[in-house]
Amino acid sequence: MYCYGTVTPDLFWLGDSDRRLALFENAYPIPRGVSYNAYLVMDEKTILMDTVDRSVGEQFFENLEACLKGRNLDYVVINHMEPDHCATLIDVILRYPGVTVVGNAKTMTMIDQFFDFDMTGQSLIVKEGDTLCTGRHTFTFAMAPMVHWPEAMVTYDMSDKVLFSADAFGTFGALSGNLFADQMDFEHDWLSDARRYYTNIVGKYGPQVQALLKKAANLDIQYICPLHGPIWRENVEWYIDKYQKWSTYTPEVKSVLVIYGSVYGHTENAALVLAGALSRRGVTNIAVHDASVTHLSELVSLCFQYSHIVLASATYNNGIFTPMETLLSDMKAHNVQNRTVAIIENGSWAPQAAKLMRAELEHMKNIRLLEQSVTLKSSVKEAQRVALEELADALVADLQG
Ligand SMILES: Cc1cc2nc3c(=O)[nH]c(=O)nc-3n(C[C@H](O)[C@H](O)[C@H](O)COP(=O)(O)O)c2cc1C
């Protein structure tokens, strides 16, 4: 049975959620599921904004058919050619043979790459600022390259001030009846997934997100309709401000995130001794994570959130303990920058981790390494306890500075 939702009297949500998928992009755990959103505007001409992942295709077509109420589909706009939004595009064309596919030149190239379908006479190529009128609604298009693929664009309904934002402003998490962010406790229940989605999916492309935000700043936005997660119609500025912070690599929390890589628990012990020392000095919201336990996508997200990061690692076969090594490479891949970092190392015969971690961090932009570091030779002794207290002093001084 169809279950589409109403956004405005003539704008409908046709999406569905996948609660079974374990890994989004076969990489990111999504215990809360994920929604794939598509939207239909019923005007003199009917216009569909994007399609959906194959996993929810059946429900999507039931919704589309019910929503169209026997009318034909005139346009389908492809804001983003990634298969989680476009896998069902050809099925749309086959079901509605007269439909015109709207996208930019790069979109059309990608359609050719992904599918074997001759679109001659069925496509409309749009550029920055072009408009398309469907009756009461006039839509304009803005390119958003690398948010999150090169062909990405957004569509703005100038009549009702709706931004169809593609992957921007999306989040992991299945929708449960409520379509709007103001119908949920977004900050409490969704924000950490929204941050994890942003930082891992587009975190690398801060300057490109900034370029899109500058375009959006010129628009009167009453609704944001993303391709994943809830729709925004209230407090839109709050969410845009989060995007400002994330895309400029500005920390949200002025506190210390401690991540440790530990085989037998002694490096973990050092991390906790430090965390306790920080707490006694009045630092709040300290976070401690085991790099072997907390998923990388969560750790990357936390690195975007916190101003100060302490990395503590055992030496492992003359290298960095592998989960910590993987984290460092992921931090680099996601462009983590503008952070203050301190290092703790451990090793029973030739500790190397500090030197090697430092070398990795030097490849990242604007990472300020605290001079103070702590070396353990197997376990925390009195000398290291004192050194950890001193590291806490240095971190507190830096936080206050
Ligand atoms: C597989 C393996 C390889 C190791 N390689 C080194 C090494 O190259 N150099 C060193 O000084 N210690 C090495 N160690 C020792 C650990 O770094 C050391 O025992 C450290 O105290 C472990 O800290 P943890 O208790 O937090 O796991 C190695 C330990 C393991 C299990």
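Which residues are buried in α8? In this predicted model, local features need pLDDT of at least 70 and side-chain atom pairs count only at pLDDT 80 or more, whereas totals for chains, interfaces and linings use all residues. Residues are numbered from 1 along each chain as its sequence is written.

The buried residues of α8 are T267, E268, A270, A271, V273, L274, A275 and L278, a residue being buried if 20 or more other C-beta atoms, placed from the backbone, lie within 10 Å of its own. Helices (H or I, at least four residues) and strands (E, at least two) are DSSP runs, numbered from the N terminus. With 15 residues, α8 reaches 21 Å from its first C-alpha to its last, close to the 21 Å expected at 1.5 Å a residue, where the expected span is 1.5 Å times one less than the number of residues. Just after α8, a positive phi of about 95° is taken by G282.

The buried residues of α8 pack against β17 (253-261), β18 (287-290), β19, β21 (339-346), β22 (367-376) and α12 (382-400). Leaving aside neighbours within four places in sequence, A270 is in contact (C-beta atoms, placed from the backbone, within 7 Å) with A312, I344, V374, L376, V380, Q384 and L388.

A270 and L274 also belong, with L14, Y39, V76, V258 and C303, to the residues that have the most contacts inside the largest nonpolar core, which has 126 residues; such a core is a set of buried Ala, Val, Leu, Ile, Met, Phe, Trp, Tyr and Cys residues joined through C-beta atoms within 7 Å. Because domain 1 (5-247) and domain 2 (255-400) both give residues to this core, it lies between them. The domain bounds come from an automatic or database domain assignment.

Taken over C-alpha atoms, the centres of domain 1 and domain 2 are separated by 39 Å, and 10 residues of domain 1 are in contact with 10 residues of domain 2. On the side of domain 1 that touches domain 2, β5 (28-29) and α5 (186-201) each supply at least two residues, and the largest share, four residues, comes from α5.

The ligand is surrounded by 19 residues, of which the closest are V263, Y264, H266, T267 and G347; a residue is counted as near if its C-beta atom, placed from the backbone, lies within 6 Å. The elements that give two or more residues to this shell are α8 (266-280) and β19 (306-316).

Methods:
Buried ≥ 20, exposed ≤ 12 C-beta atoms within 10 Å, placed from the backbone. Contact = placed C-beta atoms within 7 Å.
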